[in-house]
Amino acid sequence: MKPSLFMEKLTNVFSWTAKLAYVHFLWMLFSAAGLVVFGIFPATAALMTVCRKWLDGEESVPVFRLFWASYRSSFLSSNQIGLAYMVAALVLYLNFRVIQENGAGLAMIAAFYLAVFFLAITGTHLLPLYVVRKESFLHTWKTAFIMSIVNLPISIAVLVSQSAIYYLLFSYPSAALFFLSSILVMIQLWLVQHSFNRVERKAEALRAKKAAPPVHKTYTA
């Protein structure tokens, strides 16, 4: 490898390391500014907005200004979506405690784990979908649920990769301190973008099929 090419790649690595650490610092700062409970969801939405720009090739965006604008504009709506998700998770946890203490039939246990599964895969698309489309609360939830099922392999890939990265980073606490949120979000958005692209391609194919003139068969004696 030529020295100039090596230095260019090394500079690129350092640049991305600094950017990921910086945006993770902003995520922690703004999460704390909302007392964590009310700050973590708008901070995550803002983080996703910045990371989405980077994945789209816009590497020179004004990070702080974009982060702050997204945090401020999405504060209420992202909290509605995120807190609703947390309430649903809390309800499932309370159900788990009841089942654990009192027992339950096979059908109830199966229903419980199915609900946990559906909630988990819906969460893989929920905030990314809100960041991309900025739709209403109910429409975001409904679309995230449908897309997570239609693209189930991608949803599972998000859950597996997030769990693996979470475990890996917390095996090295210093890495988690500097990069946890930014790396998790970058991987999630990269995978979910494939899900969005698949849905868009199917929608375009359907629109093209509807717009195409009908084919009339001709019969010869």
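Residues are numbered from 1 along each chain as its sequence is written. In this predicted model, local features need pLDDT of at least 70 and side-chain atom pairs count only at pLDDT 80 or more, while totals for chains, interfaces and linings use all residues, and side-chain values use heavy atoms, with hydrogens and water left out.

The largest nonpolar core has 42 residues. Such a core is a set of buried Ala, Val, Leu, Ile, Met, Phe, Trp, Tyr and Cys residues joined through side-chain atoms within 4.5 Å; buried means under 20% relative accessible area, exposed over 50% and partly exposed in between, with a 1.4 Å probe and protein chains only. The members that touch the most others are V23, L47, V50, C51, W54, V63 and F67. At least two residues each come from helix 1, helix 2 (40–55), helix 3 (63–73), helix 4, helix 5 (106–133), helix 6, helix 7 (152–171) and helix 8 (173–211). Helices here are DSSP runs (H or I, at least four residues), numbered from the N terminus. Helix 2 provides the largest share of the core, 9 residues. Another core, of 5 residues, lies apart from it and includes L169, A176, L180 and L184.

Two pairings of helix 6 come next. Two packed helices are described by the angle between their axes and the distance between the axes. Axes are lines fitted to C-alpha atoms, for helices over the stretch in contact, and angles run from 0 to 180 degrees between N-to-C directions. The axes of helix 5 and helix 6 come within 7 Å and cross at roughly 120 degrees. Helix 5 is therefore oblique to helix 6, given that angles under 35 degrees count as roughly parallel, over 145 as roughly antiparallel, 65 to 115 as roughly perpendicular and the rest as oblique.

Helix 4 (residues 75–102) and helix 6 (residues 137–150) have axes that come within 10 Å and cross at roughly 55 degrees. Helix 4 is thus oblique to helix 6. From helix 4, Q80, I81, A84 and Y85 meet F137, T140 and W141 of helix 6. This contact has 5 nonpolar, 2 polar and no charged residues.

Individual residues complete the picture. S31 belongs to helix 1 (residues 3–33) and is buried, at a relative accessible area of 5%. Neighbours within four places in sequence aside, S31 contacts V36, G39, I40 and A43. In helix 8, L191 is buried at 15% and touches I154, A157, V158 and S161, not counting residues up to four places away in sequence.

Most residues other than glycine have a negative phi. L35, in the loop between helix 1 and helix 2, has a positive phi near 60 degrees and is exposed, at 67% relative accessibility. K134, in the loop between helix 5 and helix 6, has a positive phi near 50 degrees and is partly exposed, with a relative accessible area of 43%.

Terms used
Contact = heavy atoms within 4.5 Å. Nonpolar A, V, L, I, M, F, W, Y, C, P; charged D, E, K, R; others polar.
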